[in-house]
Amino acid sequence: MKSILVSILVLSSLFLKAQPYIVVLGIAQDGGFPHIGCQNECQLAHKNPELQRYVVSLALVDPESGKWWLFEATPDMDRQLQLFRGLTNAKFNYLPEGIFLSHAHMGHYTGLMFLGREALGSQKVKVYCAPKMAQFLRENGPWSQLVKLQNIEIRQITEHSEVLLGATSIVRPFPVPHRDEFSETMGFNISTINKSYLFIPDIDKWSKWEKNIVEEVKEVDYAFLDASFFEDGELPNRSISEVPHPFVSETMDLFSHEQDSVKAKVHFIHFNHTNPILFDEGKRKEVIRRGFKIAEQGAFY
């Protein structure tokens, strides 16, 4: 990780200009990498901190206004805030102008705990989330205390919302099918004055979505897509049907007849600790050989 960050820091000044940009602050599935209970592939990351990866998160940065926004409040949020500060040479506020939440699975909202009385004690950090997610936060502790003490300020969004972020960016949320035990699940279309991004860290299967993922990718410059598992059979002691996601192999097959320019827009993200993309150079090369990209923690887009 350190060697990656050194090279990124050297290049980061090229991106710190007037146009908005995205910084990837995490690429792992909710449990991170290494993952609790993992005694096989995770040992590499336990022994080598450079291989460790935070839970999936993006930062949208607007250098012109000096503001930035966070997508997902992960269990690694405290370290991700520090990572962002280092990558941007402390040019921006420590806390984001607002936080967008996709859904109520542990890797995507539990980082809000760091904003509470026991930790940072923040004041009115704007949290953008869909109606059921907003209700979940208001009615269930300890999140309800964040609302009561005004550590956070909920801004409810829907699939018809257009959230204007300054004069340069618009965020359009949309629903996707997923295991919605406590809230609905949202993806995000992020449009800036110079680039457009699609962010879908979690979805059950592309075939369950009312939209065509190939056509959606064609409409943007970068697409950060759910890559929890590479292929079937990665969970030897658990049925993978309990946690449905599109396999990387399936997604690549869906795009197999598309032009290389379309495939190159796909940046796989949200890797479960069993996904060989995290630790198998052969599998990484296969993805690249087929024309796709792999999101890298600390990278600018």
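Modeller: Contact means heavy atoms within 4.5 Å. This is a predicted model, where local features need pLDDT of at least 70, side-chain atom pairs count only at pLDDT 80 or more, and totals for chains, interfaces and linings use all residues. Residues are numbered from 1 along each chain as its sequence is written, and side-chain values use heavy atoms, with hydrogens and water left out.

Colleague: Is Ile22 buried or exposed?

Modeller: Ile22 sits in strand 1 (residues 21–26); strands are DSSP runs of E, at least two residues, and helices are runs of H or I, at least four, numbered from the N terminus. Buried means under 20% relative accessible area, exposed over 50%, partly exposed in between (1.4 Å probe, protein chains only). Ile22 has 0% relative accessibility, so Ile22 counts as buried.

Colleague: Which residues is Ile22 in contact with, leaving aside its neighbours within four places in sequence?

Modeller: Strand 1 holds Ile22. The contacts of Ile22, with those neighbours set aside, are Leu58, Ala59, Leu60, Ile190, Tyr197, Phe224, Ala299, Phe300 and Tyr301.

Colleague: How far apart in space are Ile22 and Trp68, C-alpha to C-alpha?

Modeller: In sequence, Ile22 and Trp68 are 46 residues apart. In space, their C-alpha to C-alpha distance is 9.5 Å.

Colleague: Why do the buried residues of helix 5 line one face?

Modeller: In helix 5 (residues 131–139), the buried residues are Met133, Ala134, Phe136 and Leu137. Seen down the helix axis, they line one face because they fall within an arc (of directions from the axis to the C-beta atoms) of 160 degrees.

Colleague: Which residues are exposed on the other side of helix 5?

Modeller: The buried residues pack against helix 4, strand 5, helix 6 and strand 6. On the other side, the exposed residues are Lys132 and Glu139.
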